[in-house]
Amino acid sequence: MKLQFLGAAKQVTGSMYLLELEDGFKILIDCGTDMEREIDFDEPYENKAFFPFDASLINLVILTHAHIDHSGNIPMLYREGYEGQVLCTPPTAELAELLLMDSANLHLRKLKAAQGESRKKHKQMDRLLRKGDLYLQKDVEHSVNHFITIPFSKKFRATENLEITFIPAGHLLGAAHVHLGITENGVKKTLGFSGDVGRKNYPLHIDPQTMPACDYLVCESTYGNRVHEDKESTKKALGDIIKATCIDKPGRLIIPAFSVGRTQAVLYTLNRLIEEDHFPAIRVFTDSPMGKSSTRIYTKYSSYLNQEAREFQAEYDELFDFDNLKFLQTEKESRAIKNYHEPCIIISSSGMISGGRVETHIADNISNTYCTILLIGYAAEGTLGRQLLAGTDHIQVRDREYKVHAQIRKIDVFSGHADKLGLLDFMKVQSPATLKKVFLSHGEEESMVEFKEELTNLGYQDVILPEKNQTFIL
């Protein structure tokens, strides 16, 4: 049995692992977009495969959760010849479709920009499509028709020798740890893939649950060298900032937030502040069409949410809707916020300030001393979010430079990832005596190195930091 690391190796994005069983059965666990990969449309065209394997020879895809860095290249897999199924939980299937359609729309805009009006459109579009991780809506539609949903904690027998179990991971609606039971030559081996480990007591999401014993385990390490700083509740942390920025002074608060997961956590917390703490009704703009669609999916699958959220819904009827909340749909509505002069809160994607409508809100307000920009999650290298957190005094947004006069704040109570302590809790249920190998992925190298040291001190002796494309015999 072979395990190859095709992404998220010493970096956070691009999760993709190829598991080949002894009988040749090939399983792809996640098929995510590498956010650090740049596409150069001016490079010479080469008609070569996108993946470092023959997609038509893959037998099965298992998807841990819907985020694009785990799901984003699934349509490319089908474009390259894959004909099998994608196994995931029911909420993951719907959220993934939403996110992949959004990516397809973004790809279409990139293609039109790169094409130019004078070029031969059909030939050029086909070449551009094949040069990068680009696909269109028809590719997404074809892909999602092959999604097969499996509930949590129910063993699914994919073949005579392969059992698959999805275990709640927290982190995102429907997110799962994956536990595989594989029988070869009469011997059963067990493999675990953490996916992204959520944090305990998070708004809406259930706590990550225990992974059964494994012979081999692939564990994410995004926060492997960090402990979440904020110990207070999400409600208190957000309430204190709103009071300081929108109540004590007539300012505006911009919260860059991913449309799926983070936006719902913020809206739910705002609703709790209004209903439970009787907060004054401040105008809240949610500027993300996808945010509205994903909120509907969260409402549909409320049975997958934690007990606190279900009890709140039973008492107040609505998880996410409250007075003075306005979902913005059109770009015209989005631009009009610039002329709204009362205190307000703007929630807009993307969370790292790397594309999306939030860039326009940042550009319009970054020099406003009455504006506060609140970062509530991880920001990768090269993003505007990371630059602002580093304390830069000027930023460039869409080829124009702006001075930073707005206040930059950060809280990590909304981070959807377990920190070092949470990851250690996830690992400690595995016996160092029986766990043969631990592979660390989905983290910056510095984080991995420090987390490896923590695990080694706990007695896990074979902790590996794989290189990209490296293969291991299990």
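The structure is a predicted model, in which local features need pLDDT of at least 70 and side-chain atom pairs count only at pLDDT 80 or more, while totals for chains, interfaces and linings use all residues. Residues are numbered from 1 along each chain as its sequence is written, and side-chain values use heavy atoms, with hydrogens and water left out. Helices (H or I, at least four residues) and strands (E, at least two) are DSSP runs numbered from the N terminus, and two strands pair if DSSP finds at least two bridges between them.

**The open sheet**

- An open sheet of mixed pairing is formed by 7 strands, which follow the order E6-E5-E4-E3-E2-E1-E22.
- Its edge strands, each pairing on one side only, are strand E6 (147-149) and strand E22 (471-473).
- On average, and with direction ignored, neighbouring strands of this sheet are turned by 25° against each other, where axes are lines fitted to C-alpha atoms, for helices over the stretch in contact, and angles run from 0 to 180 degrees between N-to-C directions.
- Strand E5 (residues 86-88) pairs with E6 in the parallel sense over 3 bridges, and Leu87 stands opposite Ile148 in E6.

- With strand E10 (residues 187-193), E11 pairs in the parallel sense over 3 bridges, and here Gly192 stands opposite Leu217.
- With strand E20 (residues 437-441), E11 pairs in the parallel sense over 5 bridges, and the bridge partner of Cys219 in E20 is Leu440.

**Arg357 and helix H11**

- Arg357 is found in the loop between strand E15 (344-348) and helix H11 (358-365), and Arg357 is buried, with a relative accessible area of 18%.
- The side chain of Arg357 reaches the backbone oxygen of Thr330 at 3.4 Å.
- Beyond its neighbours within four places in sequence, Arg357 is in contact (heavy atoms within 4.5 Å) with residues including Asp287, Pro289, Leu328 and Ser348.
- Helix H11 is largely enclosed by the rest of the structure, because 6 of its 8 residues are buried; these are Val358, Glu359, His361, Ile362, Ala363 and Asn365.

Note on methods
Buried means under 20% relative accessible area, exposed over 50%, partly exposed in between (1.4 Å probe, protein chains only). A polar contact is a pair of N or O atoms within 3.5 Å; within protein, one must be able to donate a hydrogen and the other to accept it, and residues adjacent in sequence count only if both atoms are side-chain atoms.
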